[in-house]
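Me: I've got a fold here that I'd like to walk through with you, one question at a time. Can you take a look?

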Amino acid sequence: MAVNKILVVDDSPTERAFLEALLVNAGFSVIHAASGEEGLDMAKREQPDLVLMDVVMPGLNGFQATRAITREETTKHIPVFICSTKNQETDKIWGLRQGAKDYIIKPVSAPDLMAKIEELG
């Protein structure tokens, strides 16, 4: 599966800008959402090739939004990478149980992220 369009879901404008710049410079098309609810709506509407999901957000958190995306009939084919500062092994296990394909600890390493995206293709 070729990855072209990536949805970044993060409540931090700084983190969204950082990831967007990194991904756009690598040739990806980037859309973003500032909350779990908005991310879920955008995933349904935009059908991105990949979702990068923060965990700690007000309202619907990243674990809940990941579970919804990976179980919803219209979005379950979209891979989700959780990108979080929550770095405990239990967080990673929980994220993967919610349906995430990978769990990336912030700050995100550009080479690591690109390698993980390449593995999808």
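Me: What handedness does the crossing of H2 and H3 have?
Reply: Bear in mind that we're looking at a predicted model. The two helices pack at an angle of about 15°, with their axes 9 Å apart. Angles under 35 degrees count as roughly parallel, so H2 is roughly parallel to H3. As for the way H2 passes H3, the crossing is right-handed.

Me: And how many nonpolar, polar and charged residues are in the contact of H2 with H3?
Reply: From H2 you have Gly 36, Gly 39, Leu 40 and Ala 43, and from H3 come Ala 65, Ala 68 and Ile 69. Gly counts as polar here. That contact sorts into 5 nonpolar, 2 polar and no charged residues.

Me: H3 packs with H4 too. Is H3 roughly parallel or roughly antiparallel to H4?
Reply: H4 covers residues 89-97, and its axis is 9 Å from that of H3, at an angle of about 25°. The cut-off for roughly parallel is under 35 degrees. So H3 and H4 come out roughly parallel.

Me: How many charged residues does the contact of H3 with H4 have?
Reply: On the H3 side there are Phe 63, Arg 67 and Arg 71, and they meet Asp 91, Trp 94, Gly 95 and Arg 97 of H4. By class there are 2 nonpolar residues and 1 polar one. The number of charged residues is 4.

Me: Now for H1 and H5. Are they oblique or roughly parallel to each other?
Reply: H1 (residues 13-25) and H5 (residues 110-120) have axes 11 Å apart and pack at about 60°. Roughly parallel needs an angle under 35 degrees, while roughly perpendicular takes 65 to 115. H1 and H5 are therefore oblique.

Me: How many nonpolar residues are in the contact of H1 with H5?
Reply: H1 passes H5 in a right-handed crossing. H1 brings Leu 19, Leu 22 and Leu 23, and H5 brings Ala 110, Leu 113, Met 114 and Ile 117. No polar and no charged residues turn up in the contact of H1 with H5, and the nonpolar count is 7.

Me: Which residue of E5 does Phe 81 stand opposite?
Reply: E4 (residues 80-84) and E5 run parallel, joined by 4 bridges. In E5, the residue opposite Phe 81 is Asp 102.

Me: Where is the proline of the cis peptide bond, Pro 107?
Reply: The cis bond joins Lys 106 and Pro 107, with omega at about 0°. Pro 107 sits in the loop between E5 and H5.

Me: Which residue has a positive phi although it is not a glycine?
Reply: Look in the loop between H2 and E3 for Gln 47. The phi there is about 50°, and the residue is Gln 47.

Me: Last one: what is the radius of gyration of the protein?
Reply: The protein has 5 helices and 5 strands, which run β-α-β-α-β-α-β-α-β-α from the N terminus on. The C-alpha trace spans about 30 × 30 × 25 Å along its principal axes. For 121 residues the globule rule gives 14 Å, and the value here is close to that, so the protein is as compact as a globular protein of that length. The radius of gyration is 13 Å.

Methods. Residues numbered from 1 in each chain as written. Predicted model: local features only at pLDDT ≥ 70, side-chain atom pairs only at ≥ 80, totals over all residues. Heavy atoms only, no water. Axes fitted to C-alpha atoms, helices over the stretch in contact; angles between N-to-C directions. Parallel < 35°, antiparallel > 145°, perpendicular 65-115°, else oblique. Left-handed = near helix turned anticlockwise from the far one by under 90°. Contact = heavy atoms within 4.5 Å. Pairing = 2+ DSSP bridges. Rg over C-alpha atoms; globule rule 2.2 N^0.38 Å.
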